[in-house]
Amino acid sequence: MPDFRGDKDGFWKKNSPVHFSEFKTSKKARLKSWENNIAIQNKIQKAKPTKMHKMINEILKFDGLNFHITQNIDGLHNDKNIDSEKIIELHGSIFQAECLSCKKSFNTKSFYESIVKTKGDSLCPVCNSGFVKVGTISFGQNLNHSVLNQAKFAAENCDYLIAVGSSLKVSPANSFIRIAKKNGAQIVILNYDPTPFDSEASIIINEYLEKICDEIT
Ligand SMILES: [Zn+2]
């Protein structure tokens, strides 16, 4: 998957993101936000889970409290054989939409089709007072509290925290390293480039994830 923040071909270089405050106040911004999300969804539908996604899901099948905390919104980590409570999506999912007021959820594609058909707004058809927004966290929007608490619980109670394919430059995802370490966990970092948290880790492997998977299996 492309890195949405990437330097050269990052999605947000070509498609300007909509700030959460604009989403709430401007119809034009809401439509732009929906268009961006549908464009991302169309890109994602061509992508397939990698070897690392599959390996992580194998680990999640083991007994015990194993969780996958992810910043990814692409759903490639989801697997019908994995209890969805074990996957903690910090930045939400591109495949769900929710009314900001009554919290009713909608299928993103069919909701977008109805907006296009009626040339309307993303007003919620249930409560008629809130706007429906794709479930990904926008710039300027707070992360979901209960999702954050689930991730914190996982970090506080783990024996091992394995950080996979992350620059560990984005907060709060990187804060879970310190939380886990403080609670006695061993830290393992698998990433092509060094990270600012390398000094916290017991094991660091700087290599392509695909290659790491090949070496392990
Ligand atoms: Zn509503």
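Analyst: Apart from residues within four places in sequence, Ser105 is in contact with Gln96, Ala97 and Glu98, where a contact means that two C-beta atoms, placed from the backbone, lie within 7 Å. The model is a predicted one, in which local features need pLDDT of at least 70 and side-chain atom pairs count only at pLDDT 80 or more, while totals for chains, interfaces and linings use all residues. Residues are numbered from 1 along each chain, as its sequence is written.

Ser105 belongs to strand E4, residues 105-107; strands (E, at least two residues) and helices (H or I, at least four) are DSSP runs numbered from the N terminus. Ser105 is exposed, because 12 other C-beta atoms lie within 10 Å of its own. In this scheme 20 or more such neighbours make a residue buried, 12 or fewer make it exposed, and a count in between makes it partly exposed, with C-beta atoms placed from the backbone.

The protein has 8 helices and 8 strands. Its radius of gyration, taken over C-alpha atoms, is 19 Å, close to the 17 Å that the globule rule gives for 217 residues, so the protein is as compact as a globular protein of that length. The rule itself is 2.2 Å times the number of residues to the power 0.38. Along the principal axes, the C-alpha trace spans about 55 × 35 × 30 Å. Of the 217 residues, 24% are buried. Among contacts with a separation of 6 or more, 53% join residues 24 or more positions apart.

The domain assignment, which is automatic or taken from a database, gives domain 1 as 4-45 + 95-134 and domain 2 as 51-89 + 144-216. The centres of domain 1 and domain 2, taken over C-alpha atoms, are separated by 28 Å.

Ile87, in strand E2 (residues 87-89), counts as buried because it has 21 C-beta neighbours inside 10 Å. Beyond four places in sequence, Ile87 touches His68, Thr70, His77, Asn78 and Ile82.

Lys181 is placed in helix H7 and is partly exposed, with 17 other C-beta atoms within 10 Å. Its contacts beyond four places in sequence are Ile187 and Glu200. Between the C-alpha atoms of Lys181 and Glu156, which are 25 residues apart along the chain, the separation is 8.5 Å.

Tyr192 sits in the loop between strand E7 (186-190) and strand E8 (203-205). With 13 C-beta neighbours inside 10 Å, Tyr192 is also classed as partly exposed. It touches Asn206, Glu207 and Tyr208, residues up to four places away in sequence being left out.

The backbone also deserves attention. Most residues other than glycine have a negative phi, and most peptide bonds are trans. Asn128, which is not a glycine, has a positive phi of about 60 degrees; it is found in the loop between helix H5 (108-118) and strand E5 (132-134). Asn128 is exposed, with 10 other C-beta atoms within 10 Å. Leu168 likewise has a positive phi, near 55 degrees, but it is buried, with 20 other C-beta atoms within 10 Å. Leu168 lies in the loop between E6 and H7. Pro172 is placed in the loop between strand E6 (160-164) and helix H7 (175-182), and the peptide bond from Ser171 to Pro172 is cis, with omega near 5 degrees.

Helix H4 (residues 51-61) and helix H8 (residues 209-216) pack at an angle of about 50 degrees, with their axes 9 Å apart. Such axes are lines fitted to C-alpha atoms, for helices over the stretch in contact, and angles run from 0 to 180 degrees between N-to-C directions. H4 and H8 are therefore oblique to each other, since angles under 35 degrees count as roughly parallel, over 145 as roughly antiparallel, 65 to 115 as roughly perpendicular and the rest as oblique. The contact is formed by Lys51, Met52 and Met55 of H4 with Leu209, Glu210 and Cys213 of H8.
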